[in-house]
Amino acid sequence: MSKYVCELCGYVYNPAEGDPDNDVDPGTKFEDLPDGWECPVCGAGKSDFVKED
């Protein structure tokens with residue numbers, strides 16, 4: 001599973017870790033995050049994330 005980086009603040013969404021503070025279980029792919037999910041650091045939307053190379 002690919003990691004995704006917030007272009008605004010640099011936060012890395014790692015699917016192996018999920019986002020437990022926002023009720024996203026480990027193993028959740030970025031593509032499967034709810035549409036309303038936001039960066040836990042700066043509040044950016046999913047459209048502000050890019051796939052990490």
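Buried means under 20% relative accessible area, exposed over 50% and partly exposed in between, with a 1.4 Å probe and protein chains only. The model is predicted: local features need pLDDT of at least 70, side-chain atom pairs count only at pLDDT 80 or more, and totals for chains, interfaces and linings use all residues. Residues are numbered from 1 along each chain as its sequence is written, and side-chain values use heavy atoms, leaving out hydrogens and water.

View 1. W37 is buried, because its relative accessibility is 5%. F49, at 7%, therefore counts as buried too. Rings of Phe, Tyr and Trp (its six-membered ring) pair if their centres lie within 6.5 Å; planes under 30 degrees apart are stacked, over 60 edge-to-face, the rest tilted. The structure holds seven such aromatic pairs. F30 and W37 have ring centres 6.2 Å apart and planes at 85°, so they pair edge-to-face. W37 and F49 sit at 5.3 Å and 55°, so that pair is tilted.

**View 2. The aromatic cluster and a lysine.** Y4, Y11, Y13, F30, W37 and F49 make up one aromatic cluster. K46 lies over the face of F30, 5.5 Å from the ring centre. Such a charge needs NZ of Lys or CZ of Arg within 6 Å of the ring centre and within 35 degrees of the ring normal.

**View 3. The open sheet.** Three strands run in the order β2-β1-β3, with antiparallel pairing. Strands are DSSP runs (E, at least two residues), numbered from the N terminus; two strands pair if DSSP finds at least two bridges between them. Three bridges join β1 (residues 4–6) to β3. V5 faces V50 in β3.

Technical notes. Helices (H or I, at least four residues) and strands (E, at least two) are DSSP runs, numbered from the N terminus.
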